[in-house]
Every structure is written in C-alpha cells, then in structure tokens.
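The model is shown below.

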2 protein chains.
Amino acid sequence: MNAQVARVGSPFGLHRVVEPAGVLPQQAHRLDPDPEPYADEVVIDVDRLNLDAASYRQLREQHGTGDAVRAAVLGIVAERGKMQNPVTGSGGMLLGTVAAVGPDSPLALEVGDRVATLVSLTLTPLRITDGLADWDGLSEQVPCRGTAVLFGRSIAAVLPNDLPDGIALSVMDVCGAPALTDRVVREAGVGASVLVLGGGGKSGSLSLAAARRAGATRVVALVPTDAEADAVRSAGLADEVVVADARDPLAVHAAIGTPVDVTVVCVDVPGCEHGAIMATADGGTVVFFSMATSFPAAALGAEGLAADVRMLVGNGYVPGHAAFALDLLRAEPGVRALFAARETQ
Amino acid sequence: MNAQVARVGSPFGLHRVVEPAGVLPQQAHRLDPDPEPYADEVVIDVDRLNLDAASYRQLREQHGTGDAVRAAVLGIVAERGKMQNPVTGSGGMLLGTVAAVGPDSPLALEVGDRVATLVSLTLTPLRITDGLADWDGLSEQVPCRGTAVLFGRSIAAVLPNDLPDGIALSVMDVCGAPALTDRVVREAGVGASVLVLGGGGKSGSLSLAAARRAGATRVVALVPTDAEADAVRSAGLADEVVVADARDPLAVHAAIGTPVDVTVVCVDVPGCEHGAIMATADGGTVVFFSMATSFPAAALGAEGLAADVRMLVGNGYVPGHAAFALDLLRAEPGVRALFAARETQ
C-alpha cells in the first residue's frame with residue numbers, strides 16, 4: 001500500500017462500523033472488513049481462529065454436526081464482518097502474520113511478525129477467504145485463511161518462538177484470568193485461600209498456578225469428574241482437588257468446607273454464580289471469568305444469601321497479561337501437561 | 001402458632017423450594033408460600049411491594065396498560081410463589097408487619113414490628129390475597145395485602161419512625177449502592193473523582209451523596225435530560241452535571257472529559273457498559289448497579305477497549321447498608337428533595 005494516502009480512522013475503529021451508525025465496533029451488527037489499512041491500522045493474514053469456549057459450545061449445541069457448525073461460522077462472518085456469536089455475544093481471538101502496517105499505527109508491529117490478537121473477535125473486522133475448508137467444525141481452534149484488522153487501540157502479541165502456536169494461542173486466549181487472579185490474590189494478602197471452579201481447564205489451571213505463585217497457601221480446584229480430578233492431582237497445581245457440579249451451590253458448599261478468601265470462576269456453563277458466592281468467606285472476592293455468567297444471578301445471589309463478598313467482572317485485559325501467562329506455562333510443568341492433554345484430545 | 005411443633009428448615013430456605021428440587025429459592029421456578037413459619041422463619045403481613053425498576057420497566061413495555069401490568073404481576077406470583085420477573089430475572093422488596101416469628105429465628109424481630117425486607121423478592125415466598133385491588137399498575141410501588149416469609153439467613157430492617165414508609169422503602173430498595181460506593185471511593189483515596197451515570201435517580205442521588213461524604217473532590221452526575229440536570233443541580237449533589245445518553249459511549253466519553261477514578265452505573269437500561277468503561281481512567285473502578293447490565297458486554301468491552309479497569313458487580317448487600325442510606329437521606333436535603341419529587345410524580 002501507499003502510506004502517503006492512508007485514510008485516517010478512529011483508534012476505537014468507529015470508521016469500520018457499517019451498521020448501526022454511531023456505535024462502537026463491538027456493539028455493531030456489521031463491520032467493514034476491507035483489508036486496506038487506515039493510517040493507524042494493522043492488517044493481519046489470518047492462520048487460525050480460536051473461538052470463545054461458550055460460543056463454540058453454543059454453536060455445537062445448536063447446530064450439531066461439524067459441517068453445520070462450519071456453515072454457521074461462515075454465515076456469521078459473511079453477514080457481520082466479524083465472528084461474534086449472536087446468541088452468546090462472545091467471540092474469541094485469532095493468530096496470523098502481519099501483512100500491512102499503517103504509517104500511524106502505535107502497535108509496534110512489523111510486516112512478517114507472527115502475532116495473536118488479544119482483543120476479542122467481537123470487534124475485529126474479519127474476512128474469510130477459504131470457506132474454512134481445513135476445519136472439521138469439531139474443535140474451537142479453526143484453521144482459517146482470510147484477513148483481519150487491528151485498530152490503533154487494539155492489542156496484539158508477537159508469538160513466542162519456543163512454544164507451538166496452538167498452545168501459545170490457547171494461553172493467550174485466557175491470559176486475563178491468571179493475571180487478574182495474581183492481582184486479587186496479592187491484594188488478599190499472603191496466606192490467602194483460593195478456590196478455582198473449573199480448575200482443570202485452560203484458564204482454570206493457569207489461575208491455580210497464578211494463585212500459588214501469588215502466595216496463596218490453600219489452593220483448591222473444583223472439577224466436574226474423577227478423571228479431571230486425577231489430571232489436576234497429577235499436575236500438582238492444587239493442595240486440594242474436589243469433584244462437584246459447579247452449578248449446584250449446595251454441592252459446592254459441601255465440597256469446599258471452610259469458605260475461601262478468593263474464588264475464581266472458570267467454568268463456561270451458566271448457573272455457577274450461587275456456588276461461587278456460597279464458597280467464599282464474608283469479606284472475600286469472587287472473580288467471574290466465564291462468559292456464561294449472569295449479572296443478575298450474581299448480584300441478586302449475593303444479596304439473597306446476605307453475602308458480603310466483592311464480585312469482579314473478569315476483565316480480559318490486564319497489562320502484561322500475555323507474557324505473564326506464557327511465563328506460567330513455561331515455569332509450571334503441570335500447567336503445560338494439562339494444556340498438552342487438551343490439545344491432543 | 002405453637003412454637004413447640006415448628007418444623008425445622010434450612011437457613012437458605014431450601015425447604016420452600018417446590019420445583020425444581022435441589023436448587024436455592026432464587027433459582028427455583030416455584031416456591032411454597034404457606035404462611036406457617038418453620039422454626040427459624042418469620043412471616044410478614046405484606047403492605048406494599050416495591051418492584052425492581054428494570055422489572056417494572058419491562059412489564060410496562062410488554063403489557064402496556066396498568067390493568068395488564070397488574071394482571072401480569074398477579075399471574076407471576078400465583079404461578080411461582082414469588083415475584084420474580086421471568087424476563088429480567090429481578091424482583092424488588094416489600095414492606096409489612098411481622099405476623100409470626102419461629103422460635104429459632106436469628107433475625108431479632110418481634111410480632112408487630114414494621115419492617116422492610118432487604119433480600120430480593122426473587123427468593124421470598126409470597127402470597128397475594130387482595131388481587132392487588134388498590135394498585136393501578138402505573139407505579140413500581142404496589143399496595144398489596146398478602147403474606148411473605150423470611151428465612152434464617154434473610155435480612156429485614158425495622159422501619160424508621162421519622163420517615164414516611166414510601167420514602168424509607170425506596171431508600172432501602174437501593175441501599176446497597178451508596179454503601180458500596182462509600183467503600184470503593186474510600187479505597188480509591190481522598191480526592192478521588194467519581195462519576196454517577198443516572199445521578200438523578202434513587203440509587204444515583206444516594207451514590208452521589210455517598211461519594212462526596214467518602215472524600216471525592218470531583219463528583220460528576222450524568223443524566224439523560226435537561227430537566228433532570230436542573231433537578232440535580234438544584235439538589236447540589238454534584239460538582240458537575242452533564243447531559244448525555246448513557247447508552248452512547250462516545251457521547252459519554254465526550255461529556256465527561258477527563259476520565260474519573262470511579263464510575264457508578266445506576267441507569268436501569270441496557271447498553272451502558274461501554275460508556276462507563278470509556279469514562280473511567282486506567283486503574284479505576286466501575287461499579288455496575290443496574291440489573292440491566294450485561295456481563296459479556298462489560299467483560300468484552302473492557303478487553304476491546306484495552307481498558308485496565310476493575311469492574312464490580314453491585315452487591316445489594318453490604319453490612320449496615322440500610323442505616324447508612326437512611327442517614328444519607330436524613331443528612332442531605334438534596335437527596336431528600338430528589339426522592340420526594342419522585343414519590344409525587
């Protein structure tokens with residue numbers, strides 16, 4: 001491209017909104033995915049999409065077969081110019097290679113850099129050019145050819161050379177969880193007790209490792225099955241591993257015993273709010289990372305249980321979150337083992 | 001009743017759940033509203049219901065006329081044994097007189113006490129006996145005859161003698177907001193700047209007063225109309241009053257200017273998440289009190305804007321919240337003026 005004539009856009013990507021006018025890209029129904037960068041934009045040649053777990057689960061439940069799921073994703077992206085599940089409202093992230101950099105981009109990326117986007121697909125202009133021919137629809141990781149656009153105020157991380165792309169992408173997709181867990185557990189003070197609901201998953205295992213590194217002395221993982229409990233025990237990431245249905249507050253309450261100072265919710269199914277609240281001591285904190293969290297269920301649940309707990313909406317952005325999560329993966333063989341097991345499932 | 005034969009229940013009210021079995025009362029589809037207390041329960045003769053603002057708004061939008069709204073509320077309570085709006089998931093609170101106290105109740109109430117319940121109607125067993133004959137369906141405050149049940153771990157406040165019931169009830173209904181605002185603003189430190197979206201409403205005006213009392217030196221109210229701006233200016237609760245649509249993040253961003261340390265969302269309409277996030281400085285806090293808040297919109301909004309803000313789910317329970325809010329009303333003529341104006345609208 002000729003940088004001399006690059007169009008000037010908004011750092012929030014307002015110029016990419018097609019309809020309705022005057023909203024932010026994430027709220028838009030349709031974005032313009034034109035792969036010609038504005039002055040502060042970066043264009044990516046896409047290799048792979050990583051769909052949000054709640055989104056992928058919903059697509060599988062609605063559409064059933066892999067072919068039908070693939071058709072659904074293609075339909076959403078064709079209609080909306082972005083991959084935002086209309087039911088869950090969530091997206092995911094992507095991996096690719098920098099193809100073009102506008103002259104005013106603040107992201108410090110160069111053409112040829114292998115990157116992962118750390119802003120949601122729900123606001124990322126996306127065009128798919130291969131019909132997702134290489135994807136069987138049976139995994140949330142989607143091989144994909146196409147282009148995507150990053151705005152001035154986007155976030156992208158250059159992929160590490162020492163880790164397989166798939167694992168790096170999986171880590172970056174959930175890297176907000178361990179970073180915020182680290183912050184909250186440090187605020188709670190040395191010796192805090194921490195419960196992770198869904199401790200065997202990606203964000204869950206990273207959060208367990210982050211909690212221990214932040215000084216927690218009682219780290220409890222709650223998982224849904226005995227098999228997952230065995231995996232987490234083998235990984236050595238928790239002091240206690242308990243099996244219970246996170247959606248059943250009475251079962252969670254019974255399994256945990258003494259309430260904890262910090263509860264981190266990493267279970268991507270609805271209905272885990274009350275269990276998390278009942279497991280948390282008065283004065284403690286619940287961090288909700290699941291996109292399946294219901295705001296009213298959390299707010300009214302705490303009130304209804306007369307629970308003086310602080311409840312945080314898990315923000316996917318914490319400065320330095322990608323590097324922090326990748327370091328955890330490198331330093332903790334247990335985390336790496338759980339990620340590797342999920343990759344090959 | 002004969003206390004010798006009172007049945008023993010669960011402090012969480014599990015024994016009142018009719019269907020589905022094994023869930024907490026708030027998650028239940030139907031509760032048993034039988035006005036015979038279990039050993040740790042209290043039964044209330046109901047005078048008035050105060051519907052949650054988001055719930056009442058939805059009922060009005062769906063049903064239109066006052067008669068239709070009244071019929072809808074009667075239908076919900078008859079079917080569910082509680083007043084939980086099936087669309088919004090929210091409830092409200094009630095006012096009444098203690099009719100019976102089980103021998104093991106920990107609530108320290110006595111027969112004849114005039115009380116307001118501070119747990120949500122979404123989990124309070126309720127029976128209506130007058131067909132809501134005295135309610136025109138045109139206000140969220142509902143004159144009502146019937147009975148309600150409080151569990152061992154419920155919260156109720158004895159009504160003050162020095163304030164009209166309607167105003168006390170309105171204050172108690174939103175008393176979690178000023179109490180949590182107080183806590184968050186004190187954590188932010190002396191001289192914090194605070195924005196209240198919906199500063200002219202009930203929770204909003206109390207939150208403005210709480211912010212200033214907690215040491216905030218820049219208190220900004222954002223309201224939707226010039227008329228409301230005039231009312232808030234007259235009340236003297238804010239240093240700045242700005243008019244903008246809280247659902248329009250770009251308009252909010254422009255109206256606020258320099259981002260604030262703490263943003264409190266008291267606007268009971270969907271779509272205020274992005275504006276709140278964009279108005280808040282990095283390192284700041286957003287407190288969401290509106291039941292219309294979308295969890296994914298908040299979580300993904302912060303990520304998409306690369307905003308390092310802490311986001312709190314507004315917990316309706318903070319110890320001492322009712323007394324704190326009533327004291328604010330007594331001490332702040334501006335708050336009282338705004339409440340009185342709403343009562344007579």
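Arg183(A) and Asp308(B) are joined through their side chains by a salt bridge, with 3.2 Å from N to O; the term stands for a side-chain nitrogen of Lys or Arg within 4 Å of a carboxyl oxygen of Asp or Glu. Between chain A and chain B there are two salt bridges. This is a predicted model, in which local features need pLDDT of at least 70 and side-chain atom pairs count only at pLDDT 80 or more, while totals for chains, interfaces and linings use all residues. Residues are numbered from 1 along each chain as its sequence is written, chains are lettered from A in the order in which they are written, and side-chain values use heavy atoms, without hydrogens and water.

In all, 53 residues of chain A are in contact (heavy atoms within 4.5 Å) with 53 residues of chain B. The two chains bury about 4500 Å² between them, and carbon and sulfur atoms give 63% of that area. Buried area here is the accessible area (1.4 Å probe) that two parts lose on being put together, summed over both. Phe295(A), Glu303(A) and Val313(A) supply 16% of what chain A buries against chain B, more than any other three residues.

Polar contacts link 18 residue pairs between chain A and chain B, both residues being at pLDDT 80 or more. Such a contact is a pair of N or O atoms within 3.5 Å; within protein, one must be able to donate a hydrogen and the other to accept it, and residues adjacent in sequence count only if both atoms are side-chain atoms.
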